[in-house]
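Let's take a friendly walk through a protein model together. Have a look at the picture first, and then we will go through some of its parts.

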Amino acid sequence: MARPKKENKVELMGIHEKLLINKFRPDTEIHIKVNLDACLVCKNKECTKFCPSRVFTWSEADDQLLVTYENCLECGACKSGCPYEAIEYKHPSGGYGVGQGI
Ligand code: SF4
Ligand code: SF4
């Protein structure tokens, strides 16, 4: 009798479960740079909405955009999502960035 095929654990997961097993190895060099002057005049702060990893948050207290680049999922959306082209994005160096934890 044939043995049942070993199921791929990752393939059976939903997207939210997959995101939970991601591991981040932050690059020593910041891979997302923002022209913060543009953010001061930006009304809608689109980056705080389109980034799936909530890398960008607006601090009312500091009147400044905060960038948690270590959480970036490398989807690339911020290269075209900012209406002021204020975000400079490049992929993390080899061996750094996001990867699967299992
Ligand atoms: S969308 Fe662009 S300009 Fe606006 S807050 Fe975000 S990074 Fe700054
Ligand atoms: S590449 Fe994607 S996950 Fe990373 S900061 Fe830009 S929008 Fe967010």
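By class, how many nonpolar, polar and charged residues does the shell around ligand 2 have? There are ten nonpolar, two polar and one charged. Here Ala, Val, Leu, Ile, Met, Phe, Trp, Tyr, Cys and Pro count as nonpolar, Asp, Glu, Lys and Arg as charged, and the others, Gly among them, as polar.

This is a predicted model, in which local features need pLDDT of at least 70, side-chain atom pairs count only at pLDDT 80 or more, and totals for chains, interfaces and linings use all residues. Residues are numbered from 1 along each chain as its sequence is written, while chains are lettered from A and ligands numbered from 1 in the order in which they are written.

The table puts the two ligand shells side by side; a residue belongs to a shell if its C-beta atom, placed from the backbone, lies within 6 Å of the ligand.

| Ligand | Surrounding residues | Closest residues |
|---|---|---|
| Ligand 1 | 13 residues | Cys39, Cys42, Cys47, Cys82 and Tyr84 |
| Ligand 2 | 13 residues | Cys51, Cys72, Cys75, Ala77 and Cys78 |

Around ligand 1, the shell has eleven nonpolar, no polar and two charged residues.

Now for the strands (DSSP runs of E, at least two residues). Strand 3 (residues 56-59) pairs with strand 4 in the antiparallel sense over four bridges; pairing takes at least two DSSP bridges. Trp58 has Leu65 as its bridge partner in strand 4. Four residues lie between these strands in the hairpin, and Asp63 in the turn has a positive phi of about 50°.
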